[in-house]
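Please take a moment to look over the sequence and the structure before reading on. The paragraphs below lead from the whole chain to a few of its residues.

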Amino acid sequence: MAKYGAKYLQWAPFVEESADTADDAYPKYGAPMNLGALVKVTDTPSFNEAKSYGDNTLKEYVNEFKECTVAVEVTELSNSVASAVLGATINAEAQNDLEYSSEDNAPYGGLAFYINKQVNGVKFYHGIYYPKLKAAMQGTEYATKGDSITLTGGSLNFTAAAPANGKWKIESDDFTKEEEAKAWVDAKIKKAAE
């Protein structure tokens with residue numbers, strides 16, 4: 001199996017902070033938005049571990065999910081995306097400047113996208129969904145052009161947590177059609193009925 005390509009990065013904020021209370025359901029979301037042309041997603045889960053030894057041997061070992069860093073790169077991080085995901089403010093009275101404040105509070109939300117896979121020469125599509133995560137501000141590097149030009153996009157760093165139902169990451173079955181993978185993402189990141 002070979003994984004390649006990633007596309008259709010959809011995010012939506014929780015309807016409200018209490019949207020993640022049902023033990024058997026996923027959080028409820030507000031209006032979804034596309035975060036931009038996806039370059040790369042890298043997730044790095046971390047776990048709490050404990051070991052107990054007795055009679056000079058390992059007797060007990062516990063490994064439980066703690067959280068997962070989800071680093072996202074897009075070709076362009078628009079002001080509207082940064083405002084929605086990071087909690088920054090677009091100031092309409094100041095020519096739509098994007099203003100970052102020490103009091104910004106990024107909302108919890110859900111994130112989903114799909115990737116391409118190839119198995120024995122056959123192409124498939126595979127969905128990835130993080131039901132509960134929150135973005136944190138990242139540093140930015142600005143470089144002058146010199147002998148060469150380096151193209152950079154935007155990046156977001158999320159921390160994924162387990163929602164009330166405990167399921168912090170969901171992967172779809174393989175789809176043979178791209179439209180099926182897109183529909184799967186849309187079904188995960190959908191606006192709650194009002």
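Which pattern does the protein chain follow when it is read along the sequence? In this predicted model, the order is β-β-β-β-α-β-β-β-β-β-β-α, and the secondary structure comes to two helices and ten strands. The C-alpha trace spans about 70 × 50 × 50 Å along its principal axes. Among the contacts of the protein chain with a separation of 6 or more, 67% are made by residues 24 or more positions apart.

The surface can be described next. The protein chain exposes about 12000 Å², and carbon and sulfur atoms supply 46% of that area, while 31% of its 194 residues count as buried. Y53, L58 and Y61 together make a nonpolar surface patch of about 340 Å². One of these residues, L58, has its place in strand β4, which covers residues 57–74, and L58 counts as partly exposed because its relative accessible area is 44%, between the limits of 20% and 50%.

Leaving aside residues up to four places away in sequence, N116 touches A2, K3, Y4, G5, K123, F124 and Y125.

Charged side chains come next. The protein chain has 19 positive and 28 negative side chains, and the centres of the two sets lie 7 Å apart. Side chains of opposite charge can pair when their charged atoms come close, and the count of salt bridges comes to five. In one of them E178 pairs with K7, with the closest N and O atoms 2.9 Å apart. This pair links distant parts of the chain, since E178 is in helix α2 (residues 178–188) and K7 is in strand β1 (residues 2–13), 171 residues apart. E178 is partly exposed at 24% relative accessibility, and K7 is also partly exposed, at 43%.

Another salt bridge joins K169 and D43, at 2.7 Å from N to O. Here K169 is in the loop between β9 and β10, whereas D43 is in strand β3, 126 residues apart. K117 forms a salt bridge with D174, the closest N and O atoms being 3.0 Å apart. Because K117 lies in strand β7 and D174 in the loop between β10 and α2, this pair ties together parts that are 57 residues apart in sequence. K117 is buried, with a relative accessible area of 8%, whereas D174 is partly exposed at 27%. Finally, salt bridges that share partners join D43, K169 and E171 into one network.

Notes: Residues are numbered from 1 along each chain as its sequence is written. This is a predicted model: local features need pLDDT of at least 70, side-chain atom pairs count only at pLDDT 80 or more; totals for chains, interfaces and linings use all residues. Side-chain values use heavy atoms; hydrogens and water are left out. Helices (H or I, at least four residues) and strands (E, at least two) are DSSP runs, numbered from the N terminus. Buried means under 20% relative accessible area, exposed over 50%, partly exposed in between (1.4 Å probe, protein chains only). Contact means heavy atoms within 4.5 Å. Accessible areas come from the Shrake-Rupley method with a 1.4 Å probe; for residues, only the protein chains shown count as cover. Lys and Arg count as positive and Asp and Glu as negative; His and the chain ends are not counted. The place of a charge is taken as NZ of Lys, CZ of Arg, CG of Asp or CD of Glu. Patches are made of residues with over 30% relative accessible area and no salt bridge: like charges are joined within 9 Å, nonpolar side chains (Val, Leu, Ile, Met, Phe, Trp, Tyr) within 5 Å. A salt bridge is a side-chain nitrogen of Lys or Arg within 4 Å of a carboxyl oxygen of Asp or Glu.
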